[in-house]
Amino acid sequence: MEPIAGRYAPPIQQYALILRSSFRRIWLACLILLLSARGGEAADGPAASRPPSTNGVIVLAIEGVREKAEIQRMGSGQWDRAYEGQVLKPGDQGRLGNATRLTLRLSDLSIMRIGESSEFTITEPPGAGTTQGFSLWRGLLYLFHRDAPGSTRIQSRSASAATRGTEFLVEVDPSGDTFTLSVLAGEGELSNDQGRLMVRPGERATAQSGSAPRPSPRLESHQLIQWVLYYPAVLADAELPLMAEERARLEPSLAEYRAGDLSAALSRLPSLGAGLSYAERVYRAALFLSVGQTRESEALLSAGDGSDPTLSSLASSLRGVMAAVRDAEPRAQAADAAPVTATAWLAEAFRFQALRQLDSARAAAQRAVDLQPRFGFAWARLCELEMSFGRWREAGVALDHALALSPRNAQAHALRGFLEIRGLSSSRARAAFEGALRLDGALSSAWMGRGLLKI
């Protein structure tokens with residue numbers, strides 16, 4: 001594979017060149033493929049057994065603790081688990097628990113990401129010029145449109161927003177009293193009985209019950225959408241200095257984590273009790289980060305006293321991943337803070353990628369697997385980086401290790417799909433991508449591969 005601009009081009013649309021921007025830009029680009037790949041398959045029932053549908057709001061993906069995504073059909077009075085391919089109609093309600101996210105495709109082909117602890121209702125479009133109606137009673141939503149500007153009205157108890165454009169963020173506080181609209185691209189109007197306010201690109205506005213909407217301080221876009229971004233798993237659980245009783249209590253979750261299934265690992269976390277050790281807090285922070293709960297992760301990491309150097313290193317590695325995904329210019333590693341754990345080396349692999357230093361990224365991933373040969377996430381990362389240099393045999397060896405150690409690692413299955421594409425086996429590639437999406441319905445690389453096969 002020939003070098004491009006001093007770096008090697010990876011096999012998947014420069015998939016491994018830029019970390020921070022890629023995790024957002026690849027995700028947004030994959031939505032284009034996702035719409036064409038998924039749009040004709042979703043129906044009011046499991047996708048494999050129902051006829052196609054072109055109407056309604058479609059559940060595309062459920063992330064995190066899947067059983068905490070629930071839907072109540074209009075007039076039923078009963079809450080049932082949501083599922084991919086489900087069609088939602090006006091009057092249907094949804095609610096999400098902690099560490100749970102939902103991706104919807106609206107009737108105008110907009111994509112809506114709904115954050116944890118949210119409650120919402122699908123509504124009829126309120127006017128001829130509006131393509132979609134939606135009520136957010138509490139929580140977060142991110143709206144993205146791939147093509148011509150869409151028009152959506154989002155209501156709450158305190159205000160409503162009429163949006164026209166391609167990218168918005170809406171937040172309603174748990175009481176439902178405060179409504180905040182942030183416009184990333186396009187324009188919006190925030191209004192209630194006390195007044196209305198136009199919100200331009202890069203602006204934010206807030207409305208509270210009984211008060212007219214007012215401008216809010218601006219925030220950088222990456223600060224607003226941190227919960228939407230993809231944060232890779234980097235923690236080697238073998239390096240956690242857990243007490244024997246802690247490890248036994250966490251073992252159901254740890255077993256799922258080692259197998260690569262982050263959603264199941266979240267689902268099997270025991271209830272948060274008093275006297276939580278810092279080692280367990282670091283593990284919980286790693287899982288919460290996998291579903292974009294950066295504030296919760298940081299709160300858990302901040303609870304340590306820094307007296308244990310291993311735990312301090314693991315916590316610093318998780319913070320480093322957050323910075324690599326979030327920051328435009330990741331900081332250089334301090335000269336006196338050379339990595340000593342596989343976790344730290346894997347985090348370094350992502351930081352080096354953000355700095356466009358792929359040789360160093362690959363070396364860091366190799367160091368991680370050298371230190372922890374049974375670390376499945378590190379082997380998958382090494383495979384990805386070997387692919388970026390066209391080292392197909394080495395990539396295949398790394399992937400075999402990854403899947404043997406973590407057979408439910410969605411990213412590893414997606415990488416298998418790309419290797420099968422190179423081998424011109426479209427049926428095996430399709431099976432690999434479908435397997436990845438069954439494990440993680442929002443995995444952008446799997447949607448990309450699936451879309452490439454259709455093209």
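Helices (H or I, at least four residues) and strands (E, at least two) are DSSP runs, numbered from the N terminus. Both residues take part in a network of salt bridges that also includes Asp 359, Arg 391, Arg 393 and Glu 394.

The structure is a predicted model, in which local features need pLDDT of at least 70 and side-chain atom pairs count only at pLDDT 80 or more, whereas totals for chains, interfaces and linings use all residues. Residues are numbered from 1 along each chain as its sequence is written, and side-chain values use heavy atoms, with hydrogens and water left out.

By the salt-bridge rule, the count comes to 27. One of the pairs joins Glu 70 to Arg 95, with the closest N and O atoms 2.7 Å apart. This pair also links distant parts of the chain, as Glu 70 lies in strand E4 (residues 69-72) and Arg 95 in strand E7 (residues 93-96), 25 residues apart. Glu 70 is partly exposed because its relative accessible area is 21%, and Arg 95 falls in the partly exposed class at 31%.

A further salt bridge is formed by the side chains of Arg 258 and Asp 237, at 3.2 Å from N to O. Arg 258 is located in helix H3 (residues 244-258) and Asp 237 in the loop between helix H2 (221-224) and H3, so the pair ties together parts that are 21 residues apart in sequence. Arg 258 is partly exposed, at 33% relative accessible area, whereas Asp 237 counts as buried at 11%.

Glu 171 is situated in strand E13 (residues 160-172) and counts as partly exposed because its relative accessibility is 32%. Residues up to four places away in sequence being excluded, Glu 171 touches Gly 139, Leu 140, Thr 178, Phe 179 and Thr 180, where contact means heavy atoms within 4.5 Å.

Notes:
Buried < 20%, exposed > 50% of the residue type's maximum accessible area, 1.4 Å probe, protein only. Salt bridge = Lys/Arg side-chain N within 4 Å of Asp/Glu carboxyl O.
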